[in-house]
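The stops below go from one residue or pair to the next.

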Amino acid sequence: MKRLLLSIPILLAMAPGVVAEDLGELERAFEIEAGKKVRLVLPVADLRLEVSDAPEVRAELLVRCRWHQECDEVLSEIDLVSSSTPRRFVVELEGLSRWESAKIEVEGTFVVPRTSDLELEIGVGDLKIHGMERNLKVDVGVGKVKIWQPPAAVKTVSLEVNVGEAAILGGAEDASERRSFLVGSEVFWDKGPGDTRIEVEVGVGEVSLWLD
């Protein structure tokens with residue numbers, strides 16, 4: 001796992017008790033070629049991840065401002081943009097500086113093709129992921145990751161949290177667990193009957209996988 005350094009903007013983005021003001025919505029749909037891996041990159045976001053049979057990545061996001069009257073131009077500056085290589089289709093949230101990321105909350109849903117491997121990189125935020133049928137790799141700096149997966153679909157699971165807790169709940173009693181310097185947690189399981197490989201790394205926070 002990459003060593004995590006908590007900058008002042010990240011600490012501000014984690015501060016509780018801030019009432020956010022709605023700025024507007026970002027709705028985008030990107031058609032992709034069958035079989036390409038999907039990679040999503042966002043500096044800050046609370047997301048739900050779902051799958052569909054459509055050959056596209058679809059996003060429905062709500063953007064909020066945590067600092068009133070200081071976000072007037074942010075919505076016009078940010079956007080979801082895509083790029084493509086022979087093997088990977090990338091969607092990124094661009095236009096936010098590090099300080100602007102501390103002002104903004106992004107919340108919503110991404111829907112990805114059922115047949116695509118998925119990679120996610122989130123700076124600060126929480127993820128809820130349902131029903132991935134292909135390989136899943138997640139990297140979160142600060143936040144919580146919750147994954148619900150049919151046990152018959154999973155082959156291997158690797159969960160690692162630098163500061164916080166990692167757990168597999170249900171169906172993996174023989175999983176290997178290890179504590180790291182009393183503050184970190186790792187869980188590994190490779191006895192699944194399926195094909196899906198799940199790998200999650202979190203800097204500070206929690207990760208839970210429900211096999212149900």
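Select Lys37 in this predicted model: with a relative accessibility of 24%, Lys37 counts as partly exposed. Lys37 and Glu119 form a salt bridge, with 3.3 Å between the closest N and O atoms. This pair links distant parts of the chain, since Lys37 sits in strand S2 (residues 37-44) and Glu119 in strand S8 (residues 118-124), 82 residues apart.

The structure holds eleven salt bridges. Next, select Arg114 and Glu133, whose side chains meet in a salt bridge at 2.8 Å, N to O. Arg114 is in the loop between S7 and S8, and Glu133 is in the loop between strand S9 (127-130) and strand S10 (136-149), so the pair ties together parts 19 residues apart in sequence. Both are partly exposed: Arg114 has a relative accessible area of 26%, and Glu133 stands at 42%.

Then go to Lys191 and Asp190, joined by a salt bridge of 3.1 Å, N to O. Lys191 counts as exposed at 53% relative accessibility, whereas Asp190 is partly exposed at 38%. Now select Lys37, Arg39, Arg88, Glu119 and Glu121 together: salt bridges with shared partners join them into one network.

Move to Thr109 in strand S7 (residues 104-113). Is Thr109 buried or exposed? At 13% relative accessibility, Thr109 counts as buried. Its side chain makes a polar contact of 2.7 Å with that of Arg48.

Finally, select Val163, Phe181, Leu182 and Val183, a nonpolar surface patch with about 490 Å² of accessible area together. Leu182 is in the loop between strands S12 (176-180) and S13 (184-189) and counts as exposed at 78% relative accessibility.

Methods. Residues are numbered from 1 along each chain as its sequence is written. This is a predicted model: local features need pLDDT of at least 70, side-chain atom pairs count only at pLDDT 80 or more; totals for chains, interfaces and linings use all residues. Side-chain values use heavy atoms; hydrogens and water are left out. Patches are made of residues with over 30% relative accessible area and no salt bridge: like charges are joined within 9 Å, nonpolar side chains (Val, Leu, Ile, Met, Phe, Trp, Tyr) within 5 Å. Accessible areas come from the Shrake-Rupley method with a 1.4 Å probe; for residues, only the protein chains shown count as cover. A salt bridge is a side-chain nitrogen of Lys or Arg within 4 Å of a carboxyl oxygen of Asp or Glu. Helices (H or I, at least four residues) and strands (E, at least two) are DSSP runs, numbered from the N terminus. Buried means under 20% relative accessible area, exposed over 50%, partly exposed in between (1.4 Å probe, protein chains only). A polar contact is a pair of N or O atoms within 3.5 Å; within protein, one must be able to donate a hydrogen and the other to accept it, and residues adjacent in sequence count only if both atoms are side-chain atoms.
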